[in-house]
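Please read the points below beside the model, and look up each residue as it is named.

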Amino acid sequence: MLLLVFATAAAAVSPDRALSQLRHDRWTADDGAPTQIMSIAQTPDGFLWLGSRQGLYRFDGTRFERIGRIANQPIVDDDILSVFADDDGSVWIGYVSGGISRWGGAHPANYAYQRDDVPLGSVIGFGRDAGGRLWVATSVAIAYLDVASDTWRNGADMGFDPAWSPQRLYVDREKGLWVAFSDGGKAGIAHLAPGAKRFERSTQSIDHPFFDQAADGTLWAADEWGVRPLSRATPVPGHAGATVSWLASDFKAAGLRFDRDGAMWLATVDGIARVRDPARLHAPDPRHPAPSPEYFGTAQGLSSEVVWTLFEDREGDLWAGTANGLDRFRDNALAAIRMPRRDQAFSVEADAAGRIWAANPDRGPAIVTPDPDQAAGARVQEIDGAQAGVTAMHRDATGILWVGDADGGLWRSDGTRLQPVALPPEADGGGRIVTLASDREGALWVSKVHGGLLRYHAGTWEDQNTRYGLAQRSTPRALTEDAQGRMWSDAGQTIRVFDRGKRHDFDDAGPAVGRIAVLRAWNRELWIGGVKGVSVRVDERFRHLTGRGGEPFERTAGIVVLPSGEAWLVGRPGVTRIPADEMARWRAQPSYEVGFDRFGALDGLRGATEQSGASPVAAADGEGRVWFATSRGVHWIDPRHLMSTDGPPPADPVVLALRIDGKPAPLASSLTVPAGSQDLQIDYTAPFLRQPERARFRYRLDGLDGDWQDAGGRREALYSRLSPGTYRFRLMANDGTASWSGRETGLTLEVTPAFWQTWWFGLTGLLVALLLVWWLVRWRVQIARAGLQRTYRARVVERERIARDLHDTLLQSTQALLYLVDAAKARLEKGEGQAATDSLSRAIREGNAGLAESRDRIRDLRRNPVEPETLETALRALPMKLDMPPALVYEVDVRGEPVTWHAPEQDEVYRIAREAVANAVRHAGAGRIGVRVAYGWLSVRVDVRDDGCGIPGELLARGSRDGHWGLTGMHERARVLGAALSVTSRPGEGTVVRLRLWRWRAVRRDDRGGP
């Protein structure tokens, strides 16, 4: 988080900067800007309005918004000559073809030139006089607006001659009107003084002049003959309407504007010119030539050499409308100076007089003095010596400036030139000097490639590598002496101290900044800048310096601490300023994250700040300026200039457009979003003209968002599938120089529900759901009841079958047994022993047969109907279960792909087949029985065939024999299955029992979802 307490300096285009040091930006058709911009105005909300031959545009610093409608009607014409921003925020528009429009305000309107009251001709300009009347000047007449009748009244009522053809309209600071006109080919100027009721003709006459007031109130006029104060305009002999110029006689002006700092800006035939100090201008005098303006044309980046208009915005930035687009000039926090050297790593150092010396490895040093009258913004005084290129500079405590060069040469300055200093023989020769430092004894410490660490004192050189036990020719990158007289240097990834002949290397207790690039002593503190950030040794302890948001200040290569305690750092992120009060809080609380300001390319920084090979890269001069060196030159900044906070109020954000499902919707403070809408897009902006790149936005939709959404520089908000209800969209903007101001813009959104989102639809749906649940429960109950009924019926049927089986077997066998026993008893009583014996034997056989049959019936009752065997397996086991005679031939044939049966259905099919086989065995006297199971696509068929005696036709017709229930039980089981059962038989030809049921009634799906 940046501190940035200086909102905007009052002096927006600083007069102490050369034109080349100002920030210049341009927008052309490639950037969406209109061409042929004829007029510029700024409304109170901060937006810039551009009247061009291509239409009316509104500019927020980033994008150009074309205005196509005024007063709910299409704009009258795209060919616009003039725009004027009124105090109420409305914009007056004048057209080349004639006619006037008013955008915004309480009464937007169109005044067509066909109206009798609207003056004819191209609209030259607008202005309000001291009485609040709005004036308009056209190429034919001037008029003012009568608000009561909303009509235009001709200026002839106030003494402006109808024969005069206006050329220019200007309103001065006192709200006096100045109108330049042509009267039958003669130029003239009329003036309506504040409070006056009639125009007065001026004694001066200038043809087609441009007017503006200087800082002292002087009214100046510029034309193709030059520029001069109007009150001191003198005619040029032999040229009617021409007056003498206070600039060069060949200077031709096409526009005039004084900025708030008093500088004069002029449109010329070749671009833009600036006179930084117009007070130096004077009437022509051969002994004192007029100062030359600074020029800025297409070669310097201007969008066109044809400049139609000049305008200063409320922040003090200067704008130019040209034939190809829009240009802007604004102040830079950093003043860059391009040095007459190849781009390499520069270094800076202040001498005893507070002057800045700048140099790089390309050539020797130079003294740099800021001078805005110079094209580069400074005077550069070359110094003889060290022509091999400078790699190190240092000023000692006595004020002597020492310089080390790329060839290993050492120099000292006497203020105007450099004198060589001989090195010891063992260190003389190649190898650059890396860094320099001095101690309180007046000795100079030199770190030199191929020479190591040396100390020069009283004309004697000392080898410090040997003295302190360092590796031979060890060359530190950074050196400085602290307040206690100890010399500090880098040592690989840590720091080293030399103290009273002893050396100590810090390890774990070191500064922890990685490879050290700079060491700087201030008061009793030692500042260390390195790859991983900045550390300060305070009270014999290293403390890491961290900025807001965890900023580490990585790769710091230069450090300057001003007497106030304010710190300046230069490194990879750019130039950083830490205010003195933030540093004081950090010293009291080492864990405190300091607030800071950051300066980069948007503030005038040119080149890379992260560099190596030259030192130092930051210094303070005698005027309080802080200097920085980069790969492309040197820069200075005046901290005092940054402290001004008086500027325009913060810009209010503006909602530009609303799109619902990609279609534009009308803007209002309260909007209704149609039912069924999916996507909502809100376009917004804020007029940050000075540095739109730093603009930040945040928004929230009350009713949906729980907190503010940080949009960064994005200028649109997107929402999808909003639920019906009322929402409040809130928007805030920030220019990146302060915290959120609390100023916000909002609009209310009412999302109407679709019919399926209404309460009655929900209630209806709930009722339908409840009815559906009730129906499903009832349906399931019916299914369960039907299942219970089916089970009950099956049990009843089974009981009937059991009853029939008992009747047909056990009861009859028992009855027969009793009959035989009774017959045997009768024979015994008659004395027929043999016959009685035979009867008893027969009774025994019948009893055994009945016992076997009863055992079979009991076994059938105990049989588990859901045992896991398949139908085919159960059918093949029938011979053993029915005790078939060995001579009987029994076959089972299976066709098709077998399926997995439902257990109850398989049991019923099995019992039907078993009954058919049992009947064939017991009653038909069959010699062959065949069972066939055929699996088809739609149905399953089971056939039981025998070659027995058959069934009589009357028995088949009747369905069963009296007292026997076999066939009846089979039909009953078939009905339970939902199957069809047929029995076909002829006496002596055998019997065919056929069962057919649908496959879906038989097949059960397994766990894998297949049958």
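This is a predicted model: local features need pLDDT of at least 70, side-chain atom pairs count only at pLDDT 80 or more; totals for chains, interfaces and linings use all residues.

1. Residues are numbered from 1 along each chain as its sequence is written, and side-chain values use heavy atoms, with hydrogens and water left out.

2. Four strands form an open sheet in the order 37-38-39-40, with antiparallel pairing; strands here are DSSP runs (E, at least two residues; helices are H or I, at least four), numbered from the N terminus, and two strands pair if DSSP finds at least two bridges between them. Strand 37 (390-395) and strand 40 (418-421) stand at the edges with a single partner strand each, so one side of each is left without a neighbour in the sheet. From one strand to the next the twist averages 25 degrees, where axes are lines fitted to C-alpha atoms and angles run from 0 to 180 degrees between N-to-C directions.

3. Within this sheet, strand 39 (residues 410-413) pairs with strand 40 in the antiparallel sense over four bridges, and Leu410 has Val421 in strand 40 as its bridge partner. In general, strands of a sheet pair through backbone hydrogen bonds, either parallel or antiparallel.

4. The count of aromatic pairs comes to 39, if rings of Phe, Tyr and Trp (its six-membered ring) pair when their centres lie within 6.5 Å, with planes under 30 degrees apart counted as stacked, over 60 as edge-to-face and the rest as tilted. One of them joins Trp92 and Phe126, a tilted pair at 6.3 Å centre to centre with 40 degrees between the planes. Trp92 lies in strand 9 (residues 91-95) and Phe126 in strand 12 (residues 123-128), so the pair ties together parts that are 34 residues apart in sequence.

5. The rings of Trp445 and Phe498 also form a tilted pair, with centres 5.9 Å apart and planes at 35 degrees. Trp445 is buried, with a relative accessible area of 3%, and Phe498 is buried, with a relative accessible area of 3%; buried means under 20%, exposed over 50% and partly exposed in between, using a 1.4 Å probe and protein chains only.

6. Trp756, found in the loop between strand 68 (744-751) and helix 3 (759-830), counts as partly exposed at 49% relative accessibility.
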